[in-house]
Amino acid sequence: MPSKLLIRILHHITSQGGTITGTSRGGYDNKKIVNSVEDPRINQVYIIGGDGTQKGAYAMYEELRRRGLKVVVIGIAKTIDYDIPIIDKSFGFDTAVEEAQRAINATDAEEESNENWFIFIAMYAAVASLDVDYCLIPEWLGHLSIVKGMVVFLNI
């Protein structure tokens, strides 16, 4: 059974970006990483992530090749940024699109049953997320003070 500390650390892991091991967004020691796979029992390494991760995978491959180690590096694209030009799909991007589409479809169904109810859904969801600075509601954009406030906030 997991400890309470482990449960507390992992409780919100699915809603966090990056990695809990602290290896995301650069700052890695490529030689140290290659040292860790310099073991005759290791012949494959799978690396999952976006553009930066794939660049790191390539750097790892180059170091393995330089040392003459026979280890295959397999890069698996997983990104919501859709920033890897050589792929058609990424399961991170597809998941994000599907979730957004589900939200849009849900508000569409609500709007058909009560034309103003989706406004309250949008407002409450924006407040509950704690990540939203502005919630745009087309029916309210006619108020000039709201538009001016957004221009100032967005610095445009």
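Let's start in helix 3, where Lys55 and Asp51 sit four residues apart, about one turn of the helix. (Helices, H or I with at least four residues, and strands, E with at least two, are DSSP runs numbered from the N terminus.) What you're looking at is a predicted model, so local features need a pLDDT of at least 70 and side-chain atom pairs count only at pLDDT 80 or more, while totals for chains, interfaces and linings use all residues. Residues are numbered from 1 along each chain as its sequence is written, and side-chain values use heavy atoms, leaving out hydrogens and water.

- Strand 1 covers residues 44–49 and runs parallel to strand 2, residues 72–77, with six bridges joining them. (Strands pair if DSSP finds at least two bridges between them.)
- Strand 1 has a covered face with Val45, Ile47 and Gly49, and an uncovered face with Gln44, Tyr46 and Ile48.

- Nonpolar side chains tend to be buried together in soluble globular proteins.
- The largest nonpolar core here has eight residues: Val34, Val37, Val45, Ile47, Ala57, Met60, Leu64 and Val71. Strand 1 and helix 3 each supply at least two residues of this core, and helix 3 gives the largest share, three residues. (A nonpolar core is a set of buried Ala, Val, Leu, Ile, Met, Phe, Trp, Tyr and Cys residues joined through side-chain atoms within 4.5 Å.)
- Val37 touches Ile42, Val45, Met60, Leu64 and Val71, if you skip residues up to four places away in sequence. (Contact means heavy atoms within 4.5 Å.)

**Ile33 in helix 2**

- Ile33 belongs to helix 2, residues 30–36, and counts as partly exposed because its relative accessible area is 32%. (Buried is under 20% relative accessible area, exposed is over 50%, and partly exposed is in between, using a 1.4 Å probe and protein chains only.)
- Leaving aside neighbours within four places in sequence, Ile33 is in contact with Tyr28 and Met60.
- Ile33 and Glu63 are 30 residues apart in sequence, with 9.8 Å between their C-alpha atoms.

**Salt bridges**

- Side chains of opposite charge can pair when their charged atoms come close.
- The count comes to seven salt bridges. (Each one is a side-chain nitrogen of Lys or Arg within 4 Å of a carboxyl oxygen of Asp or Glu.)
- Back to our opening pair: the side chains of Lys55 and Asp51 meet in a salt bridge, 3.1 Å from N to O. Lys55 is exposed at 53% relative accessible area, whereas Asp51 is partly exposed at 23%.
- Arg65 forms a salt bridge with Glu62, and their closest N and O atoms are 3.6 Å apart. These two are three residues apart in helix 3, so about one helical turn separates them. Arg65 is exposed at 52%, while Glu62 is partly exposed at 30%.
- Arg66 and Glu63 also meet in a salt bridge, 2.7 Å from N to O. They too are three residues apart in helix 3, so about one helical turn lies between them.
- Are Arg66 and Glu63 buried or exposed? Arg66 is exposed at 58%, but Glu63 is buried at 8%.
- Glu63 and Arg66 also belong to a network of salt bridges that links them with Glu38 and Arg67.

**Further along the chain**

- Ala125 lies in helix 5, residues 117–129, and is partly exposed, with a relative accessible area of 45%.
- Ala125 and Cys135 are 10 residues apart along the chain, and their C-alpha atoms are separated by 9.2 Å.
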